[in-house]
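Dear colleague,

Please find the structure below, handed over for your own reading.

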Amino acid sequence: MHVHHGAHAHSHSKPASGFLSAALLATLALVAAEFLGGYLGHSVALLSDAIHNLSDVPTIVISWVAAHWACQPADAERTFGYRRAGVLAAFANSILLLLVAGGLFWESFDRFRHPVAVQEQWMIGLSLLALVINGGITLGLVRGRRDLNLRALLVHNLGDALSNVGILAGAIVIGITGKLWLDPALGFVIAGLVLWSSIGILRESGHILLEGLPREMCLPDVAKAILQVSGVQEAHDIHIWTLGADDHALSCHIRIPDMHMEQSEQILTEIRLRLANTFGIHHVTVQFERAGLPDTGFYMPETFGSNKT
């Protein structure tokens, strides 16, 4: 007997398309200002930060499209809906950021070999402007940090804001000491921030796209919760994956004694409640099997934790 339950009619909040549109316009204005300031002020740190912020443009566009898709209802072709759109966007953005980090490292290394006098006034003024813009975008994204797509954008803009603080401090030190090597050194630091943030998002999004077990869950704990339901004798072939954000799904085989369908429905209801309340799993597919077959299951209560095949 195969029994399935899952509330596929999601009631997700609408994407903050207006905020992302404003963030896109502000980022484009900042990129233009930093490119101009980096050229006139001979600052590789400003140019690096301009390229860094330029990478935000496709990032924001992809995030906007993905957030819009994620709210679309399920249909005949996408039976789980479009929740994975945000994860796919985060994966694409992280690959783009890896390329950006490589370009920043190269530009900073080249400036170390060929130092150029820097006009720190441009660095100070534009770093303050960039800090206001990137800091504002970061604060605006805090509420959506549980969504991997928006979290990728949040981490990226937080890195932008921190790099702006570094450029500001570096410009002040250059003005006082005249140490030109600080400018390309800041470029290296910014590139490192880009690399660090992109690798973390790439690993998390790749894990979800490969149907990996949600990070906060432990498979034996989920099996134990199922086995605690009265009437469940064995649970095996358990699969858990993430649909998007905090939306998880599970499928498994469960062995129960012979009983009326009404009784099996009660067992199913109890399993669903336990999984939803304890682990946040709301898409549950259970296949019931008759008891009395050979003990080849993955988990059984009498030998829990030791009988794994």
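How many residues does helix α7 have, and how far does it reach from its first C-alpha to its last? Helix α7, residues 182-209, has 28 residues and reaches 40 Å, close to the 40 Å expected at 1.5 Å a residue. Please bear in mind that this is a predicted model. After α7 comes E211, whose phi is positive, near 60 degrees.

Helix α8 (residues 219-227) packs with helix α9 (residues 261-279) at an angle of about 140 degrees, and their axes are 9 Å apart. The crossing in which α8 passes α9 is right-handed. On the α8 side, D221, V222, A225 and I226 take part in the contact, and they meet I271, R274, L275 and F279 in α9. Of the residues in this contact, 6 are nonpolar and 2 are charged, with no polar ones.

In soluble globular proteins, nonpolar side chains tend to be buried together. Here the largest nonpolar core has 24 residues, of which I226, V232, L250, I254, I271, L275 and I281 touch the most other members. Two or more residues of this core come from each of α8, β2 (234-244), β3 (247-256), α9 and β4 (281-290). Leaving aside residues up to four places away in sequence, V232 touches I226, L227, I254, R255, I256, I267 and I271. Another core lies apart from the largest one; it has 15 residues, including L104, M123, L186 and A191.

With kind regards

Note on methods: Residues are numbered from 1 along each chain as its sequence is written. This is a predicted model: local features need pLDDT of at least 70, side-chain atom pairs count only at pLDDT 80 or more; totals for chains, interfaces and linings use all residues. Side-chain values use heavy atoms; hydrogens and water are left out. Axes are lines fitted to C-alpha atoms, for helices over the stretch in contact, and angles run from 0 to 180 degrees between N-to-C directions. Helices (H or I, at least four residues) and strands (E, at least two) are DSSP runs, numbered from the N terminus. A crossing is left-handed if the near helix is turned anticlockwise from the far one by less than a right angle, and right-handed if clockwise. Contact means heavy atoms within 4.5 Å. Ala, Val, Leu, Ile, Met, Phe, Trp, Tyr, Cys and Pro count as nonpolar, Asp, Glu, Lys and Arg as charged, and the others, Gly among them, as polar. A nonpolar core is a set of buried Ala, Val, Leu, Ile, Met, Phe, Trp, Tyr and Cys residues joined through side-chain atoms within 4.5 Å. Buried means under 20% relative accessible area, exposed over 50%, partly exposed in between (1.4 Å probe, protein chains only). The expected span of a helix is 1.5 Å times one less than its number of residues.
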